Amino acid sequence: MEDFVVVEIERKFLVAGDTWREAPAVYFAQGYLSTEKSRTVRVRVAGDEAFLTIKGETQGFSRQEFEYPIPLADGKALLAMCEQPLIEKYRRKIPAANFVWEVDEFLGANAGLVVAEIELPSEDADFPRPDWVGEEVTSDARYYNASLVRHPWSQW
């Protein structure tokens with residue numbers, strides 16, 4: 001049997017303008033049970049769904065990612081066990097060509113920060129950049145959600 005590992009290839013950008021606000025938003029609350037560099041363990045409640053996600057260390061634009069749906073009640077209970085403050089944000093999904101941009105508008109200690117992410121099939125894939133996509137921050141660890149727990153954007 002062949003080994004199969006799920007790999008997330010993601011690029012992250014700051015957002016400019018307001019046209020992205022036209023897409024519907026879903027409220028997310030997420031927290032971290034582990035924020036080690038070699039792995040993060042995240043709990044996310046998104047609307048009426050909950051997920052447990054384990055991510056490996058980032059290499060280039062890629063890292064291993066394993067995500068599992070969990071019961072909503074479990075997700076809410078696990079959030080109480082996470083490092084504080086929780087990451088709170090509104091997420092909007094915006095299609096562009098054959099891709100989907102995820103725009104996160106942060107709340108709480110990270111209010112004012114707006115970041116767009118795009119998942120790609122390969123690190124060198126070409127992708128559309130809507131006019132509201134600004135500076136790339138993929139390589140800046142300060143913008144990782146796990147980093148924003150310990151060093152909120154409002155304290156930079």
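Modeller: Helices (H or I, at least four residues) and strands (E, at least two) are DSSP runs, numbered from the N terminus. W20 is found in the loop between β1 (7–15) and β2 (25–36). This is a predicted model, in which local features need pLDDT of at least 70, side-chain atom pairs count only at pLDDT 80 or more, and totals for chains, interfaces and linings use all residues. Residues are numbered from 1 along each chain as its sequence is written, and side-chain values use heavy atoms, with hydrogens and water left out.

Biologist: Why is W20 called buried?

Modeller: Buried means under 20% relative accessible area, exposed over 50%, and partly exposed in between (1.4 Å probe, protein chains only). W20 has 2% relative accessibility, so W20 counts as buried.

Biologist: Which residues does W20 touch?

Modeller: Contact means heavy atoms within 4.5 Å. Not counting residues up to four places away in sequence, W20 touches V15, R92, I94, V103, E105, V114 and W132. As for W101, its C-alpha lies 9.8 Å from that of W20, while the two residues are 81 apart in sequence.

Biologist: Why is K89 called buried?

Modeller: K89, in strand β6, has 0% relative accessibility and therefore counts as buried. Leaving aside neighbours within four places in sequence, its contacts include V26, Y27, F28, R44, D104 and N145.

Biologist: What makes a polar contact with the side chain of K89?

Modeller: The side chain of D104 does, at 2.9 Å. A polar contact is a pair of N or O atoms within 3.5 Å; within protein, one must be able to donate a hydrogen and the other to accept it, and residues adjacent in sequence count only if both atoms are side-chain atoms.

Biologist: Is E65 buried or exposed, and why?

Modeller: E65 has a relative accessible area of 13%, and therefore E65 is buried. This residue belongs to strand β5 (residues 62–70). Its side chain makes a polar contact with the side chain of K55 at 3.2 Å. Apart from neighbours within four places in sequence, E65 is in contact with V6, E8, T53, I54 and K55.

Biologist: Is A97 buried or exposed, and why?

Modeller: The relative accessible area of A97 is 71%, so A97 is exposed. A97 is found in the loop between β6 and β7 (99–106). Its phi is near 55°, a positive value in a residue other than glycine.

Biologist: What joins Q84 and P85?

Modeller: A cis peptide bond joins them, with omega about 0°. P85 has its place in the loop between α1 (72–79) and β6 (87–96).

Biologist: How do you know that the radius of gyration agrees with that of a compact globule?

Modeller: The radius of gyration is taken over C-alpha atoms, and the globule rule is 2.2 Å times the number of residues to the power 0.38. With 156 residues, a compact globule would have a radius near 15 Å; the protein has 15 Å, so the value agrees. The C-alpha atoms fill a box of roughly 45 × 40 × 30 Å along the principal axes.

Biologist: How many helices and strands does the protein have?

Modeller: There are 2 helices and 9 strands. From the N terminus on, the elements run β-β-β-β-β-α-β-β-β-β-α. Buried residues make up 44% of the 156 residues. Among contacts between residues at least 6 apart in sequence, 59% join residues at least 24 apart.
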